[in-house]
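Reader: I would like to go through this model by question and answer. Please keep it brisk, with the cut-offs stated.

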Amino acid sequence: MKAMVPLIFLLMLGSCAEQSQTAAGPPRGCEHADKVAPHVVRLFNGNRIASAIVSGPTELLTVRHVSQGLEIADDWQSVLIAQKDERSEDAWHSAQRLVRLKRTFPGSMEEEVHVLEMASPLDWNPHPTALRTMPLSHRDQVMGVGYTGGLFSSASGHFRTDGPASDARDEYVKFKMDYAPGARQLHGGSSGGGIFDCEGKLAALISRNLRSEYNWLGQLLFGSSNIYAVPVHPVAHEIAR
């Protein structure tokens, strides 16, 4: 009987948290992730899959651990770059390109923003993304897009300030993505993908992905964050130069 008390207490807390969120009107995430899909590409070097954002005709944005995992550094490295064709469910664009690390910018505590250079533009002319130059506010609606396991994945959600809110360069920004039942979550392969605001501007680069089955208690009690990302607004003007 005593063992049941903590469980009952946790369930009561979860219920209260859910009621509180409902009463406050839980934020609805942005919809229509297809409008930002043309900004996001899949990277593959024969061993690892990751994501990146198209920022110019021959430039991609990603995070440091993606560059390291794909062994992209100062020397040219062959990478297969692909993108789901927005006009068809089963069609893809793909091209082999030589890629190297062009520039790095300070990111958060364990991460950096990396600019990758391609030796030549992609044949299908994907759309460069606009960068957000202002920080998000608590509960702002967002869209997350990446290539989980190499497959196009997206989710809507909102920005949270549920952790230390120090300088943006010293701390990840955090998001709560609301996955539909059975939806493909933004995890392995989505690193380097994007968190976009509802205007389609890139707000952050995905870095850490907490799958809900590993974060069930936090989800139950607090609806806690399940995406940690690196904000781009502190370096947006420098990237655009």
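Reader: Which residues form one aromatic cluster?
Author: This is a predicted model, so local features need pLDDT of at least 70 and side-chain atom pairs count only at pLDDT 80 or more, while totals for chains, interfaces and linings use all residues. Residues are numbered from 1 along each chain as its sequence is written, and side-chain values use heavy atoms, with hydrogens and water left out. Rings of Phe, Tyr and Trp (its six-membered ring) pair if their centres lie within 6.5 Å; planes under 30 degrees apart count as stacked, over 60 as edge-to-face and the rest as tilted. The one cluster is formed by Trp92, Tyr147 and Phe152.

Reader: How many aromatic pairs does the structure hold, and what is the angle between the planes of Trp92 and Tyr147?
Author: The structure holds two aromatic pairs. In one, Trp92 and Tyr147 are 5.7 Å apart, centre to centre. This pair is tilted, with an angle between the planes of 50 degrees.

Reader: How many residues apart are Trp92 and Tyr147?
Author: Strands are DSSP runs (E, at least two residues), numbered from the N terminus. Trp92 lies in strand β5 (residues 92–106) and Tyr147 in strand β7. The pair links distant parts of the chain, 55 residues apart.

Reader: What is the centre-to-centre distance between Tyr147 and Phe152?
Author: Tyr147 and Phe152 form an edge-to-face pair, with 70 degrees between the planes. Their distance, centre to centre, is 5.8 Å.

Reader: Is Tyr147 buried or exposed?
Author: Buried means under 20% relative accessible area, exposed over 50%, partly exposed in between (1.4 Å probe, protein chains only). Trp92 has 35%, so Trp92 is partly exposed. Tyr147 has 0%, so Tyr147 is buried.

Reader: Which residue has its charged end over the ring of Phe152?
Author: A charge sits over a ring if NZ of Lys or CZ of Arg is within 6 Å of the ring centre and within 35 degrees of the ring normal. Here the charged end is 5.9 Å from the centre of the Phe152 ring. The residue is Lys84.

Reader: What is the strand order of the closed barrel with β7?
Author: Two strands pair if DSSP finds at least two bridges between them. Strand β7 (residues 141–148) and strand β10 (residues 194–197) pair in the antiparallel sense over four bridges, and Met143 stands opposite Phe196 in β10. The six strands run β7-β8-β9-β12-β11-β10.

Reader: Which residue in β5 is the bridge partner of Gln77?
Author: Six strands close into a barrel in the order β1-β2-β3-β6-β5-β4, with antiparallel pairing. Strand β4 (residues 77–84) pairs with β5 over eight bridges. The partner of Gln77 is Val99.
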